[in-house]
Amino acid sequence: MIDIMIRLALVFCSISMLGLIYRVIKGPSVADRVIALDAIGVNLVAITALISIVLNSHAFLEIILLIGILAFIGTVAFAKYLEKGVIIERERNH
Amino acid sequence: MRKTNNIILETAVKVLLFFIALYSVYIFTAGHYYPGGGFIGGLMTAGAIVLLLITYDIKTVTKILPVNYRILTAIGLLFAIGTSAGSLIYDLPFLTHAFGDVHLPLLGELSIHTATLFDLGVYFVVVGVTMTIIQTIGEDE
């Protein structure tokens, strides 16, 4: 029973990722694409967790936190680039 | 022009940075028994410093962490060479590692493997090289 439910959840995660990929390709503005890529990262976390349940291993649990941190850093970097034009400033207050 | 301030990001990063740094140290120390090791731990530490660089600026970060990353790379290579050549003293082949129980003053009995020191060298080299690349590109205007 739980096996069928996990596979069903994987299918739904894949469908939502396809919708997000549509938004990445089609998105009118750059911000839409960045938000869609961030949400793809979150979906990837969910899929990694479900796959680790299917494979019955806890070797992927580090990867989940890793994807979360990397998605956050990437989104922050992109947001700063859109806002200020530079990612790493030399001096903040000038 | 109105000055922008990013107080939400700065406050969030103040909390998140400790989690990322702790997680990178965990991944480094767990590398012998679980997935992880010096490479990914070093990359996560560099990621934490990059998050600090994005949030603040190069001048503030060099004030917080006064580290010369090129010297850090050299220290890492010295660790790797030192632990590899240390086996030559005991008349063993190059890169032979050893382990044993060591009594440390604060931590008590510990089983320490010299591969950990080699991994520490890898960690320093990865942090140093990544931060050198990112800072050199970031300073260019």
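Colleague: How many salt bridges does the structure hold over all chains?

Modeller: This is a predicted model, in which local features need pLDDT of at least 70, side-chain atom pairs count only at pLDDT 80 or more, and totals for chains, interfaces and linings use all residues. Side-chain values use heavy atoms, with hydrogens and water left out. A salt bridge is taken as a side-chain nitrogen of Lys or Arg within 4 Å of a carboxyl oxygen of Asp or Glu. Over all chains, the number of salt bridges is 2.

Colleague: In which helix do D3(A) and R7(A) both lie?

Modeller: The side chains of D3(A) and R7(A) form a salt bridge, with N to O at 2.7 Å. These residues are 4 residues apart, about one turn of the helix. The helix, a DSSP run of H or I with at least four residues, is α1 (residues 2–26) of chain A.

Colleague: Which three residues supply 26% of the area that chain B buries against chain A?

Modeller: Buried area is the accessible area (1.4 Å probe) that two parts lose on being put together, summed over both. Between chain B and chain A about 2200 Å² is buried, and carbon and sulfur atoms give 65% of this area. Supplying more of chain B's share than any other three residues are Y23(B), I54(B) and D57(B).

Colleague: Which elements of chain B each supply at least two residues of the side that touches chain A?

Modeller: Contact means heavy atoms within 4.5 Å, and 28 residues from chain B and 20 residues from chain A take part. The elements of chain B are α1 (7–29), α2 (38–55), α3 (58–64) and α5 (114–139).

Key: Residues are numbered from 1 along each chain as its sequence is written. Chains are lettered from A and ligands numbered from 1 in the order in which they are written.
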